[in-house]
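Subject: The structure for you to look at

Hi,

Here is the structure I promised to pass on. Have a look at it first, then read my notes below.

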Amino acid sequence: MYNARAVTMIFFANCGNKLTNNPKFCPSCGTSTQQQANTNEPIVSNQTANITASTPTASNTMTIKLIGWISVAFSLLLVPILFAALSVIMGYMVKKKGEDTHGTVLMIVGVAAGLFGVLIGAMIGANNPVYY
């Protein structure tokens, strides 16, 4: 889904610099922006620019969520610190895409699963000592 709107911007005809607040001199080239009496050429020109802002697509956030939740599951079984960190990163990305609640839950569950994965690894390691 795209959100489009038209915005009118004022540009200096001499150098093309965008002007704000009606300055007397162009901040880019230093030329006076006041229209001279003997010329018919405009000093400023209005141009309309179409600005489109894209909103995150459902498939884009779905992929990030899926990677995050798979990382949560792997953090219970394999390399808990690595996969817990990945799930926190994915949760942050989901949150930045506009789904605050889902991103926050993914980050919290990722940290909890990482800690729980470390505990599971410690218990398995304690029951199966390796002698060198």
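A quick definition to start: helices (H or I, at least four residues) and strands (E, at least two) are DSSP runs, numbered from the N terminus. Keep in mind that this is a predicted model, so local features need a pLDDT of at least 70 and side-chain atom pairs count only at pLDDT 80 or more, while totals for chains, interfaces and linings use all residues. Residues are numbered from 1 along each chain as its sequence is written, and side-chain values use heavy atoms, with hydrogens and water left out.

How confident is the prediction? pLDDT is the predictor's confidence in each residue, from 0 to 100. The protein chain averages 77, and 74% of the residues score at least 70. Confidence is highest in H2, at 92, and lowest in strand S2 (residues 44-54), at a mean of 52. Where pLDDT is low, the predicted coordinates should not be read in detail.

Now for H2, which covers residues 80-96. This helix has 17 residues and reaches 24 Å from its first C-alpha to its last, close to the 24 Å expected at 1.5 Å a residue (the expected span is 1.5 Å times one less than the number of residues). Its buried residues are Pro80, Phe83, Ala84, Ser87, Met90, Gly91 and Val94. Buried means under 20% relative accessible area, exposed over 50%, and partly exposed in between (1.4 Å probe, protein chains only). Seen down the axis of H2, the buried residues fall within an arc of 125 degrees, so they line one face of the helix; the arc is that of the directions from the helix axis to the C-beta atoms. The face turned away from that buried side carries the exposed residues Ile81, Leu82 and Lys96.

What sits on either side of H2? In the loop between H1 and H2 you'll find Val79, which has a positive phi of about 30 degrees although it is not a glycine. After H2 comes Gly98, with a positive phi near 110 degrees.

H3 has 28 residues and reaches 41 Å from first C-alpha to last, close to the 40 Å expected. Among its buried residues are Gly103, Leu106 and Ala113.

Which residues make up the largest nonpolar core? They are Ile64, Val72, Met90, Val94, Leu106 and Ala113, six in all. Helix H1 (58-77), H2 and helix H3 (100-127) are the elements that give two or more residues to this core. A nonpolar core is a set of buried Ala, Val, Leu, Ile, Met, Phe, Trp, Tyr and Cys residues joined through side-chain atoms within 4.5 Å. Leu106 touches Gly68, Trp69, Val72, Ser87, Met90 and Gly91, not counting residues up to four places away in sequence; contact means heavy atoms within 4.5 Å.

Last, the cysteines. A search of the whole structure finds zero disulfides, a disulfide being a pair of cysteine sulfur atoms within 2.5 Å. For Cys29, the nearest cysteine sulfur is that of Cys26, 3.8 Å away. Cys26 counts as buried at 3% relative accessibility, whereas Cys29 counts as partly exposed at 34%.

Cheers
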